Amino acid sequence: MADQADELRRRAADLADVDAQAYTAVLEALRLPREADQRREALRGAAVVPLEIAEIGAQVAQLAVRVAEAGNPNLRGDAVTGAVLAAASARSASCLVDINVDLGGLEPELSRRAAQAVTDATDAAGRATMSTERAGQER
């Protein structure tokens with residue numbers, strides 16, 4: 001699990017730079033008066049990055065619930081916090097996907113995938129939280 005978490009961390013960190021580049025491309029494309037294709041492609045790039053962030057958030061939340069349920073009991077609070085933060089990250093990234101999909105008239109499938117990532121992350125955060133509540137009741 002530690003290796004998987006490390007890989008997700010690396011991917012998310014790399015996406016921060018990619019996101020900044022995608023945002024710069026959108027700003028540049030919006031300055032061009034009649035370049036609709038360039039705008040659309042820039043907005044697609046700006047939608048794909050937060051989509052991947054949302055999907056990573058779901059994976060992190062699912063990993064955190066595994067730690068909360070079966071990992072070291074001393075790390076349960078950290079795992080729950082990680083799951084909740086990952087779900088919030090997925091939700092905020094999903095909002096960015098929706099904005100770019102709307103602005104660019106992009107395929108709605110991008111928004112659907114982001115929404116599914118939010119659902120998965122939120123469900124995992126709920127399971128992680130419930131595992132902590134169950135553990136507290138068992139004491």
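A: Of the chain's 139 residues, 34% count as buried, where buried means under 20% relative accessible area, exposed over 50% and partly exposed in between (1.4 Å probe, protein chains only). This is a predicted model, so local features need pLDDT of at least 70 and side-chain atom pairs count only at pLDDT 80 or more, while totals for chains, interfaces and linings use all residues. Residues are numbered from 1 along each chain as its sequence is written, and side-chain values use heavy atoms, with hydrogens and water left out.

As for the overall build, there are four helices and zero strands, giving the pattern α-α-α-α along the sequence. Helices here are DSSP runs of H or I with at least four residues, strands are E runs of at least two, and both are numbered from the N terminus. The C-alpha trace spans about 65 × 25 × 15 Å along its principal axes.

Now for the pair itself. Helix α2 covers residues 36-70 and helix α3 covers residues 76-104. Their axes come within 7 Å and cross at roughly 160 degrees; axes are lines fitted to C-alpha atoms, for helices over the stretch in contact, and angles run from 0 to 180 degrees between N-to-C directions. That makes α2 and α3 roughly antiparallel to each other, because angles over 145 degrees count that way, with under 35 roughly parallel, 65 to 115 roughly perpendicular and the rest oblique. The crossing of α2 and α3 is left-handed, meaning that the near helix is turned anticlockwise from the far one by less than a right angle (clockwise would be right-handed).
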